[in-house]
Amino acid sequence: MIIMDDGIRLDARLDMPAGNPRRCPIAVVIHGFTGNKEERHITAVCRTLNDMGVATLRADMYGHGESGGEFRNHTLFKWLTNALTLIDYARGQEFATDLYLCGHSQGGLTAVLAAAMERDVVKGLIPLSPAVMIPQIAREGELLGQQFDPEHIPDELLSWDGRALSGNYIRVAQTIRVEDAVERYKGPVLIVHGDADEAVPVRYAHELAAGYANAELVIVPGDTHCYDHRLDAVLDAVRRWMGERIGK
Ligand code: FER
C-alpha cells in the first residue's frame with residue numbers, strides 16, 4: 001500500500017489482528033537507519049502485536065526500502081513528517097481505538113520526537129534500542145564513528161554501507177533537543193535495549209528511561225542492536241507491557 005506524504009510515496013503495510021475485529025488499537029512501527037519495514041525484528045514486533053489484537057502500520061521511511069526519496073537526502077525532519085503522516089493515516093482508520101508508537105534505533109528516536117508532538121494522541125510509546133544520542137553527538141562532531149568539525153559541516157558522510165549521506169542530515173540533527181521531547185511526553189513508555197549493542201551504547205537507554213515520567217526499561221543481557229540472540233526476550237517484553245495496557 002502507498003501512503004503519500006507531500007508528494008513522497010511511503011511504501012506501507014497495515015496488518016490487522018486475526019479475525020478482523022471491528023474495533024482495535026493500532027501501533028505505528030518505524031525501522032532504523034539503513035533499515036526497512038521488512039527487517040526481521042520489525043516484522044516480529046508487528047506479528048507479536050497482531051497476535052494480541054493490535055493492528056500495526058509499518059512503512060519504509062524517506063530514502064529507505066521501497067519508499068520515495070534518496071538515502072543521501074534523508075534527515076530526521078523528513079522522518080518526523082513521515083511519522084506524523086503515518087499517525088494521521090492510522091488515526092483515520094475507522095477500526096482504530098488507541099494509538100501506540102514504536103520505533104527501532106533512528107526510528108526509536110523519531111518515535112520519541114513524534115510522541116511529544118502527538119502527546120494527546122499517542123497512548124503509549126515503545127522505543128527499541130533508540131538512537132537518542134544522534135543529536136548530541138552531531139553537535140559534538142561525531143556520527144557513524146566518523147569525526148568532523150561541528151562548526152564546519154562536511155558536504156557528506158559515508159554511511160557504514162558505503163552510501164553517502166548529505167551534510168544536511170547533520171545540520172538537522174544538531175537542532176534537535178531530545179530532552180524537550182522527553183519532558184513533554186507523560187504517557188507510558190517501554191524501552192528495550194540489548195546490553196551488547198554495538199551501534200547505540202546501552203547507557204543511553206538508562207538515561208532516557210530516567211528522563212521520562214513513566215518509563216519502564218528492559219535490558220536484554222548479551223543482545224545486539226538488531227537482537228541477533230534474544231529477539232524472543234524483546235517480544236516477551238512488548239507482549240507483557242502491551243498486555244498490561246490493553247488488558248490481556
Ligand atoms: C550513528 C549511530 C547510530 C548514526 C546513526 C545511528 C547517523 C543509527 C542507527 C540505526 O538507526 O540503526 O552515529 O549516525
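The structure is a predicted model, so local features are described only where pLDDT is at least 70, side-chain atom pairs count only at pLDDT 80 or more, and totals for chains, interfaces and linings use all residues. Residues are numbered from 1 along each chain as its sequence is written, and side-chain values use heavy atoms, with hydrogens and water left out.

## The sheet

Let us begin with the names. Helices (H or I, at least four residues) and strands (E, at least two) are DSSP runs, numbered from the N terminus. Two strands count as paired if DSSP finds at least two bridges between them. Strands of a sheet pair through backbone hydrogen bonds, either parallel or antiparallel.

Here, eight strands make up an open sheet with mixed pairing, and their order is S1-S2-S4-S3-S5-S6-S11-S12. At the edges are strand S1 (2-5) and strand S12 (215-220), each of which pairs on one side only. On average, neighbouring strands of this sheet are turned by 20° against each other, ignoring direction. For such angles, axes are lines fitted to C-alpha atoms (for helices, over the stretch in contact), and the angles run from 0 to 180 degrees between N-to-C directions.

Helix H7 (residues 203-211) touches strand S11 (189-194) and S12, and its direction makes about 165° with that of S12. Helix H8 (residues 231-246) touches strand S3 (24-30), strand S5 (96-104), strand S6 (122-128), S11 and S12, and its direction makes about 170° with that of S6.

## A closer look at strand S4

Strand S4 (residues 55-59) pairs with strand S2 (residues 8-15) in the antiparallel sense over four bridges. In this pairing, arginine 13 stands opposite arginine 58, and aspartate 15 stands opposite threonine 56. With S3, S4 pairs in the parallel sense over five bridges, and isoleucine 30 stands opposite alanine 59.

S3, helix H1 (residues 40-51) and S4 also form a right-handed β-α-β unit. Right-handed means that, with the strands pointing away from the viewer, the path from the first strand over the helix to the second runs clockwise.

Is S4 buried or exposed? Five of its five residues are buried, where buried means under 20% relative accessible area, exposed over 50%, and partly exposed in between (1.4 Å probe, protein chains only). Both faces are covered, with Ala55, Leu57 and Ala59 on one side and Thr56 and Arg58 on the other.

## The nonpolar cores

A nonpolar core is a set of buried Ala, Val, Leu, Ile, Met, Phe, Trp, Tyr and Cys residues joined through side-chain atoms within 4.5 Å. The largest has 63 residues, and those with the most contacts inside it are Leu101, Val112, Leu125, Ile134, Leu143 and Tyr212. A second, separate core has 26 residues, among them Ile42, Leu49, Ile126 and Leu235.

Leaving aside its neighbours within four places in sequence, leucine 143 is in contact with Ile134, Ile137, Ala138, Phe148, Leu157, Tyr169 and Ile170.

## Salt bridges

A salt bridge is a side-chain nitrogen of Lys or Arg within 4 Å of a carboxyl oxygen of Asp or Glu. By this rule there are twelve. Here are some examples.

| Pair | Closest N to O |
|---|---|
| Arginine 58 and aspartate 15 | 2.9 Å |
| Aspartate 161 and arginine 163 | 2.9 Å |

Arginine 58 lies in strand S4 and aspartate 15 in strand S2, so this pair ties together parts that are 43 residues apart in sequence. Arginine 58 is buried at 6% relative accessible area, and aspartate 15 is buried at 15%.

Lysine 37 sits in the loop between S3 and H1, while aspartate 60 sits in the loop between S4 and helix H2 (76-91), 23 residues apart. Both lysine 37 and aspartate 60 are buried. By contrast, aspartate 161 is partly exposed at 40%, and arginine 163 is partly exposed at 35%.

A network of salt bridges links Asp11, Arg13, Asp15, Lys37, Glu38, Arg58 and Asp60.

## Two positive phi angles

Most residues other than glycine have a negative phi. Aspartate 6, in the loop between S1 and S2, has a positive phi near 50°. Aspartate 6 is exposed, with 79% relative accessibility. Threonine 34, in the loop between S3 and H1, has a positive phi of about 65°. Threonine 34 is partly exposed, with a relative accessible area of 28%.

Terms used: Contact means heavy atoms within 4.5 Å.
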